[in-house]
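Here is a friendly briefing on charged side-chain pairs. Please keep the sequence and the 3D view at hand as you read.

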Amino acid sequence: MSSNLFLPNHDFLAHTLATDKCSFEVIEQGGMRVCFRATGVLEFSPNHSVEHALVLSAGVHGNETAPIEIINNLVTAILAGHIQLQCALLVILGHPQAMRQEQRYLETNLNRLFVEFRRRSTFEPSVELTRANLLCSLVDDFLMRHGQAEKLHLDLHTAIRGSRKERFAIFPYVENRTYLQQDIQLLLAMGIEATLLMHKAGSTFSSYSGLQHGARSYTLELGRVRPFGQNDLTAYQNVYDALAAWLCEPGCLVKPDRKMEFYSVRSEVIHTGEHFKLMVAADQENFSEYLPGELVWRDLQQEYRVRERPELIVFPNPHVEVGHRAALLVQKNN
Ligand SMILES: [Zn+2]
């Protein structure tokens with residue numbers, strides 16, 4: 001069936017990189033329906049009723065290739081009948097135009113545009129805003145059609161910056177929301193060792209599905225950015241295996257061999273102006289530790305030093321615009 005869907009290309013990724021043309025025909029095979037919803041977006045619907053609906057996305061940043069290749073391999077396995085799907089599944093390759101150029105984005109960071117429609121409509125037009133509008137409407141449609149199901153969204157990324165925690169998850173802030181132990185077990189099975197609990201509502205893709213649809217949602221940082229074809233996918237075998245197992249048996253509990261570390265945001269570092277100086281090296285790794293008394297940032301009027309407990313820096317970027325977030329300072333939960 002895959003050859004019909006993607007002809008003349010050999011798989012989902014090759015097709016997405018080659019063309020915006022999609023066959024909008026619904027194909028029935030092996031007890032499920034498959035259809036293209038848009039370029040880079042495939043929906044799988046088992047013919048029987050399902051209790052779980054999963055949005056699985058990668059490539060929201062176009063150069064983050066390993067998760068894109070993992071998702072492509074999962075699609076190939078589903079279409080070949082090697083994975084017997086037991087959930088409704090929306091697979092999204094986030095930014096095909098940027099993927100074709102192996103760029104993070106073309107005009108603006110797509111993963112900052114996923115806010116509710118009224119706010120989105122005030123943003124400057126861009127290639128990314130057009131895509132964000134499309135992806136939001138497809139996610140809205142999919143999750144609303146599966147309103148009774150348990151909804152989960154995993155948005156897969158890799159990072160430009162190194163990290164003391166090679167793989168970590170970000171749990172977006174949604175009021176009164178907690179993570180489920182079964183999700184944490186899935187993340188552990190994927191080799192994720194730390195989960196960062198965000199402190200306020202964000203504008204990422206995973207925030208959107210959590211805030212707008214009450215989905216359990218996570219942004220997953222799975223290692224370093226490499227060009228297409230240069231990822232050692234054997235290093236990601238546990239990610240593939242854990243996702244494949246979940247698709248066959250959603251909510252399955254794999255006994256984890258270790259515990260998740262949880263981190264909470266202690267403060268945001270905001271760029272204060274031309275004299276702002278963030279004390280990070282160009283290659284400073286995520287989760288680098290600052291000890292009590294250590295200087296984190298300063299300008300002419302003020303400085304910030306770590307207080308009694310060590311703090312770790314995440315997503316440092318001294319080059320953001322004035323008034324924007326230059327880093328997060330986090331602490332490990334006891
Ligand atoms: Zn990313």
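**Salt bridges in a predicted model**

Glu150 is partly exposed at 38% relative accessibility (buried means under 20% relative accessible area, exposed over 50%, partly exposed in between, with a 1.4 Å probe and protein chains only). The model is predicted, so local features need pLDDT of at least 70 and side-chain atom pairs count only at pLDDT 80 or more, while totals for chains, interfaces and linings use all residues. Residues are numbered from 1 along each chain as its sequence is written, and side-chain values use heavy atoms, with hydrogens and water left out.

The structure holds 15 salt bridges (a side-chain nitrogen of Lys or Arg within 4 Å of a carboxyl oxygen of Asp or Glu).

**Strand to strand**
- Glu150 pairs with Arg216 in a salt bridge, their closest N and O atoms being 3.0 Å apart.
- Arg216 lies in strand S9 (residues 216-224) and Glu150 in strand S6 (residues 150-159), so the pair ties together parts 66 residues apart in sequence (strands are DSSP runs of E, at least two residues; helices are runs of H or I, at least four; both are numbered from the N terminus).
- Arg216 is buried, at 9% relative accessible area.

- Glu64 and Arg104 form a salt bridge, with 3.3 Å between the closest N and O atoms.
- Glu64 sits in the loop between strand S4 (52-58) and helix H3 (65-79), and Arg104 in the loop between helix H4 (96-100) and helix H5 (117-120), 40 residues apart.
- Glu64 is buried at 2%, whereas Arg104 is partly exposed at 27%.

**A network**
- Salt bridges link Arg37, Glu43, Asp141 and Arg145 in a network.
- Within it, the side chains of Arg37 and Glu43 meet at 3.3 Å, N to O.
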